[in-house]
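Q: I am new to this one. Could we go through the structure together, step by step?

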Amino acid sequence: IRDAFIYLSQKYGLIYNGDLFTLVPQEMGDPRGWFGTVEAVFDRAKRPAQKEFLRMLEARYRDVPGISWDLFNEPFLVADAEVAEWAADLGTVFDKLASPRLITVGGPYHIGATVDYDSPHGRISDDFFNQHALPVLLQELHLDRPEPLAAERQQAEDVRYYVVLALRNGLAGVCPWSWTRQMRLWQD
């Protein structure tokens, strides 16, 4: 499945920003299995498996440009400092492999220089100003609208507004989350 997403991203000139450790098997995160919770960060015994997974990803996609990894989507009940330490530890894998991959953690507004860019989720205010040295990618911009087709135009206007706002305020990019009518139908 990841190959298909990366292929389509390559085909359309998009940077693939794949989420890695939110839903993980028992050996990589949560002892109960496929639940991305605090164990992905706090359970140090899981880190060797997480790092091995990163090495396998890098081996598989070594020659593929335009890939960035979101290590964890919206960590919950984990302090930003703990997430930052975990991200820095996992980032050593890419350092040792001399990988060109950029990493982030989706959700927090800023966790420090342990990631390559910040990727807050949600909307930004009209006067948002990045006060940190890291670039900001507005990730998971949620623009849900009602089901009728007339809402398509409303949603498109919302996307236009936030893309212009992001460019005007110096953000690195925008990733709409609920973008198409099909996506909204699936969610509902």
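A: A term is needed before the start: a residue is buried if its relative accessible area is under 20%, exposed if it is over 50%, and partly exposed in between, using a 1.4 Å probe and protein chains only. The model is predicted, so local features need pLDDT of at least 70 and side-chain atom pairs count only at pLDDT 80 or more, while totals for chains, interfaces and linings use all residues. Residues are numbered from 1 along each chain as its sequence is written, and side-chain values use heavy atoms, with hydrogens and water left out.

Q: How many residues of strand β2 are buried?
A: Seven of the seven residues of strand β2 (residues 67-73) are buried, so this strand is largely enclosed by the rest of the structure. Strands here are DSSP runs of E with at least two residues, helices are runs of H or I with at least four, and both are numbered from the N terminus.

Q: Which strands make up the open sheet, and in what order?
A: The open sheet has four strands in the order β1-β2-β3-β4, with parallel pairing. Two strands count as paired if DSSP finds at least two bridges between them. The edge strands are β1 and β4, each of which pairs on one side only.

Q: What joins β1 to β2?
A: Strand β1 (residues 16-19) runs parallel to β2, and four bridges join them. Within this pair, Y16 stands opposite I67 of β2.

Q: And how many bridges link β2 and β3?
A: Four bridges link β2 with strand β3 (residues 102-107), again in the parallel sense. W69 stands opposite I103 in β3, and N73 has G106 of β3 as its bridge partner.

Q: Which residue of β4 does G106 stand opposite?
A: G106 stands opposite S119 in β4. Strand β4 (residues 119-120) pairs with β3 in the parallel sense over two bridges.

Q: What do β2, helix α4 and β3 make?
A: β2, helix α4 (residues 80-96) and β3 form a right-handed β-α-β unit. Right-handed means that, with the strands pointing away from the viewer, the path from the first strand over the helix to the second runs clockwise.

Q: Which residues touch the most other members of the largest nonpolar core?
A: They are L20, F21, L54, W69, L71, W86 and V105, in a core of 29 residues. Such a core is a set of buried Ala, Val, Leu, Ile, Met, Phe, Trp, Tyr and Cys residues joined through side-chain atoms within 4.5 Å. Two or more residues each come from α2 (39-42), α3 (47-60), β2, α4 and β3, and α4 gives the most, with seven residues.

Q: Changing topic: what is the volume of the largest pocket?
A: The largest pocket has a volume of about 1,600 Å³. On a 1 Å grid over the protein atoms alone, a pocket is an open set of points where a 1.4 Å probe fits, with protein on both sides within 12 Å along at least five of seven lines, and lining residues have an atom within 4 Å of a point. Grid points are joined across faces, edges and corners, and the volume is the space filled by probe spheres set on the points.

Q: Which residues lie nearest its centre?
A: I15, Y16, N17, G18 and C175 lie nearest the centre of the largest pocket, which is lined by 40 residues. The elements giving two or more residues to this lining are α1 (2-11), β1, β2, β5 (137-141) and β6 (173-176).

Q: What about the second largest pocket, and which element gives the most to its lining?
A: The second largest pocket holds about 160 Å³ of space. Helix α4 gives the most to its lining, with five residues. Among the lining residues are A88, F94, R101 and D116.

Q: One more topic: where does E74 lie, and is it buried or partly exposed?
A: E74 lies in the loop between β2 and α4, and E74 is partly exposed, with a relative accessible area of 39%. Its phi is positive, about 50 degrees, although E74 is not a glycine.

Q: And A98, buried or exposed?
A: A98 is exposed, with a relative accessible area of 66%. A98 is in the loop between α4 and β3, and its phi is near 55 degrees, a positive value in a residue other than glycine.
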